[in-house]
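Trainee: I would like a close look at one part of this protein. Please take the open sheet and the packing around it, and set it in its context.

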Amino acid sequence: MKHRIERPQGISVARVLVETLTIPAALFLGLLFSFPMAFHQPQPHHIKLVIADRAVERNVDAALQRQHPGGFDVTAVTDAGEARRAVLDRDAVAGFAAKGRHAAVLYVAKANGATLEQALTKGFTQLAAHNHQKLTVTDVAPTVGKDGAGTTMVYFGIAWNVPGYILATTLLRAVTLNRRKKLITIVGVAGLFSVVGFLVGVGLDFFPNDPTAMAIAFLLTTAVATFSLGMAPFVKHFFPLAGLGLYVVLSVPSSGLVPVQLLPGFFQALHTVMPLGNAVDALRGLLYFDGAGVLKPVLVLCAWITAGTALLGLDAWRQYRMAVRRGAQDEPEEVPEPPVEDPSVEAPAPTALPVHPHHFGELLPMLEGTVRDGEQQPIRHAAVTVMDAGGQQLVRTTTNARGEYAVTGLPEGYISVVVSHPGRNPLVHQRLVQSGVAVRADFALHDRRNGTPVHAGAQRLDLGHARHGS
């Protein structure tokens, strides 16, 4: 007779499939629509131009509006020098000035993207030919050797952007690090990534040697990692969808792979608020435009860092209020940080660990201890059961030959550790599990026939054995 594996009552196959496929399906649809919508047939959308001489500006504006309605925002300036300065100051992406009746000059910046430069050159060449003028194109912000398309900043930005999100996901699994240590880790990793990325970029001639670029790279990685870590307790099992949605589906199409001025209005709006797009703007300003237009994107990156820090603080306050409502008598100095509920990014599930010297890459114990008899001799194969505050069993294990046990992946909050062995009085300890703290619970089991009562100290909340993990 075959044994049939039964599913838990009340959970249908349809519900399991919906819960399993929701995030992949949402990401699929996001990628399916965002990238083609952004990159297919780029067209000008409100490109800022300056034209020397108001009479010429009216003629140029009328001609451009006929060709591309709403594609250009044209402004008049006094002369060619002011038109050139507007491009260098990033107040406009191109400047046009007539040089007599038969000549004209177009000021562009290849650093804004070769695609945009080519589109502007083509359009104004046709316009000058229509007016019987010979057009001279002047690049006021040329790129370095290997940045021919003007998009290298985007590639390096992605390298500083996506790993920041991945860093946050790995820190969520770092059960022995508290919030402060996680933020310190983010700062250290962001600093390392910014230095290494900069040295690679300069060493391979991908962008100019300006060390201030490292500050922008540092802000980008810090902003993404901090905000991701802060939002995790609030979005819970939707954390992968939120992270990939923000930093890939929305960020990459609006980053500048296609010049922002050629993107639809929705992606232009995203560019002004997403960390990747602002970092790319800041890098271009520092490396090619003598710092012009850097302040705003730096402030946006700082706002993301501030928002992430505020979310971490809000979650700490929320956990503190929950502890107060539970009537906890001894509040810890570090407010516990709840795990994320998605299996792919949450702290590991409650798991018994083998007790041996820790090896690199292994999970660190959150709870450990020893079980001994009345004469302080280790008890082998003592049963250790860990339960949550509601009495639900989280994990069960046994002690080794030295009477030792270890467990990790426990949820935040109070747990009960019950130890038993045949012929001995069982004992229970309560412990508070919190972020960044490794907890000990040691037991002394006495022989039943000795009639030794259970010690009162083993039944009350005992926080004195908690020690900070390394």
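Mentor: Of the protein's 470 residues, 46% count as buried, where buried means under 20% relative accessible area with a 1.4 Å probe and protein chains only. The model is predicted, so local features need pLDDT of at least 70, side-chain atom pairs count only at pLDDT 80 or more, and totals for chains, interfaces and linings use all residues. Residues are numbered from 1 along each chain as its sequence is written, and side-chain values use heavy atoms, with hydrogens and water left out.

The secondary structure comes to 11 helices and 15 strands. These are DSSP runs numbered from the N terminus: helices are H or I with at least four residues, strands are E with at least two.

Now the sheet. It is open, has 5 strands in the order E2-E1-E3-E4-E5, and its pairing is mixed. Two strands pair if DSSP finds at least two bridges between them. Strands E2 (72–77) and E5 (134–139) stand at the edges with a single partner strand each, so one side of each lacks a neighbour in the sheet. From one strand to the next, the twist averages 20°. Axes here are lines fitted to C-alpha atoms, for helices over the stretch in contact, and angles run from 0 to 180 degrees between N-to-C directions.

Strand E4 (residues 103–108) runs parallel to E5, and 6 bridges join them.

Helix H4 (residues 114–130) lies across E1 (47–52), E2, E3 (94–98), E4 and E5. Its angle to E5 is about 160°.

Next, phenylalanine 124. Leaving out residues up to four places away in sequence, Phe124 touches Leu49, Ile51, Val60, Leu64, Phe96, Leu106 and Leu135. Contact means heavy atoms within 4.5 Å.

Phe124 also belongs to the largest nonpolar core, which has 90 residues. Such a core is a set of buried Ala, Val, Leu, Ile, Met, Phe, Trp, Tyr and Cys residues joined through side-chain atoms within 4.5 Å. Phe124 is among those with the most contacts inside this core, along with Leu49, Phe96, Leu120, Ile216 and Trp304. Helix H7 (residues 213–235) gives the largest share of this core, 12 residues. A second, separate core has 21 residues, including Leu367, Ala382, Val384 and Ile415.

Finally, the wider contact pattern. Among contacts between residues at least 6 apart in sequence, 69% join residues at least 24 apart.

Methods
Buried < 20%, exposed > 50% of the residue type's maximum accessible area, 1.4 Å probe, protein only.
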